[in-house]
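Student: I'm new to this one and would like a close look at a single part of it. Could you walk me through the pockets?

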Amino acid sequence: MNGHTIKVELSTARKEKPQSDQLIFGRNFTDHMFVMDYTEGIGWHDAKIVPYGKIALDPSSMVFHYGQTVFEGLKAYTKGERILLFRPEKNFQRMNISHDRLCIPHIDEEFALEALEKLINIDQDWIPKAPGTSLYIRPFVISTEPYLGVAPSRHFKFMIILSPVGSYYKEGIKPVKIGVEQEYVRAVKGGTGSAKTGGNYAASLKAQENADATGCAQVLWLDGIEKKYIEEVGSMNIFFKINGEVITPALNGSILDGVTRNSIIQLLTYWGVPVSERRISLEEIYEAHKAGTLEEAFGTGTAAVISPVGELLWKGESLLISGGETGELSQRVYETLTGIQNGEIEDPFGWVREVQNEKIYV
Ligand SMILES: *Cc1c(COP(=O)(O)O)cnc(C)c1O
């Protein structure tokens, strides 16, 4: 894949951009997309940036039947003329880790980042500028070989699409109510929970539907064997603050290694806040709540960055956390991380990557 050039075909009909206060997550897409193909015996080839549009696939393409697919999610921000990415190399690294699990050939991480930067440059006018807005980036790979056998595909497509997104929170961050899922599980050790692959999300829909019915915004997932230990919340990682200590479930093979999770662990350590990655049971949370030592809880992920948990529903019992308000630490983590991401706060970690602004395609 190294040494590949990226062919560029610019769109002749530019779309109208949505108003920044009317952006709905994942509904609008920019004028261009990146596409690259994989063919066994040749490798990754034909890297190109083309007008955003439909792709033709054979109905027998393997992705439609057995779900051999991987995706990623990250964001670009503008600060004046600067275009900033947050730890994008982590996403392409994780993509290859997911590829290993799904029998998909590795992509060249550096080349993928180069392709992404070129695509962002071309569509840079699509990065919304209002506070809290950003350009959501969705790299993904699908298996395209026309074949109904259950086997690794020999053809793939790697694509990157871009979507301007609004502020996740219109009026500052707001705590949500979450419900403990008792019946369904998201993933088990040895399964695909630590890979970002479509099937995990298809498998989660039923539980989310149940959560909706009980007025909960998200599902709290427990481990798949004993249904005792906490794993994740919705498609976010989760943190608890108990008696001054921050605890997040350890990466155990069924939890996704979130970039936000990793960044928050580093940030808390930098601040001198005690943080531990370990197994944590729901019982422990319940006892801490009873003892009055459960101080805060929050979910973490690229889309919302921080999603405070104000209420936890378990077996018909409701546990109020931080009095249903956003906790002090949750707020501080949110402000610092989003400040670093959009270039307003100095980045002591070297996380922010500035996209070389070429402006040649605009
Ligand atoms: C993407 C994702 C996360 C969050 O990862 P980030 O890199 O922080 O965006 C957490 N859990 C699941 C299941 C995910 O799919």
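Which domains does the lining of the largest pocket draw at least three residues from?

Tutor: Happy to. Keep in mind that this is a predicted model. The lining of the largest pocket takes at least three residues from each of domain 1 (7-167) and domain 2 (176-341). There's about 1,000 Å³ of space in that pocket. Its lining is made of 39 residues, and the closest to the centre are Phe71, Tyr136, Arg138, Tyr201 and Ser235. Quite a few elements give two or more residues to this lining: the strands β4 (69-71), β7 (134-143), β8 (155-165), β10 (218-222) and β15 (294-301), along with the helices α4 (198-202), α5 (205-213) and α6 (259-271). Sort the lining by class and you get 17 nonpolar, 17 polar and five charged residues.

Now hop over to the second largest pocket, which holds about 510 Å³ of space. Here both domain 1 (7-167) and domain 2 (176-341) give residues to the lining, so this pocket lies between them. The lining has 29 residues, and those nearest the centre are Ala130, Pro131, Gly132, Thr133 and Asn342. By class, the lining of the second largest pocket splits into 11 nonpolar, 12 polar and six charged residues. As for elements, β5 (74-79) and α8 (328-341) each supply at least two lining residues. It's α8 that gives the most, with five.

That makes α8 worth a look of its own. The helix has 14 residues and runs 20 Å from its first C-alpha to its last, close to the 20 Å expected at 1.5 Å a residue. Is α8 mostly covered or mostly open? Mostly covered, with 10 of the 14 residues buried. Among those buried residues are Leu329, Val333, Tyr334, Leu337 and Ile340, and the list also includes Ser330, Thr336 and Gln341. Just after α8 comes Gly343, which takes a positive phi of about 80°.

One last stop, at a single side chain: His99, which sits in helix α2 (residues 88-102). His99 counts as buried because its relative accessibility is 0%, and the cut-off for buried is under 20%. Which residues does His99 touch, leaving aside those up to four places away in sequence? They are Val70, Ile104, Pro105, His106, Ile107 and Val141.

Key. Residues are numbered from 1 along each chain as its sequence is written. This is a predicted model: local features need pLDDT of at least 70, side-chain atom pairs count only at pLDDT 80 or more; totals for chains, interfaces and linings use all residues. Side-chain values use heavy atoms; hydrogens and water are left out. On a 1 Å grid over the protein atoms alone, a cavity is a set of points where a 1.4 Å probe fits but cannot get out, and a pocket is an open set with protein on both sides within 12 Å along at least five of seven lines; lining residues have an atom within 4 Å of a point. Grid points are joined across faces, edges and corners, and a volume is the space filled by probe spheres set on the points. Helices (H or I, at least four residues) and strands (E, at least two) are DSSP runs, numbered from the N terminus. Ala, Val, Leu, Ile, Met, Phe, Trp, Tyr, Cys and Pro count as nonpolar, Asp, Glu, Lys and Arg as charged, and the others, Gly among them, as polar. Domain bounds come from an automatic or database domain assignment. Buried means under 20% relative accessible area, exposed over 50%, partly exposed in between (1.4 Å probe, protein chains only). Contact means heavy atoms within 4.5 Å. The expected span of a helix is 1.5 Å times one less than its number of residues.
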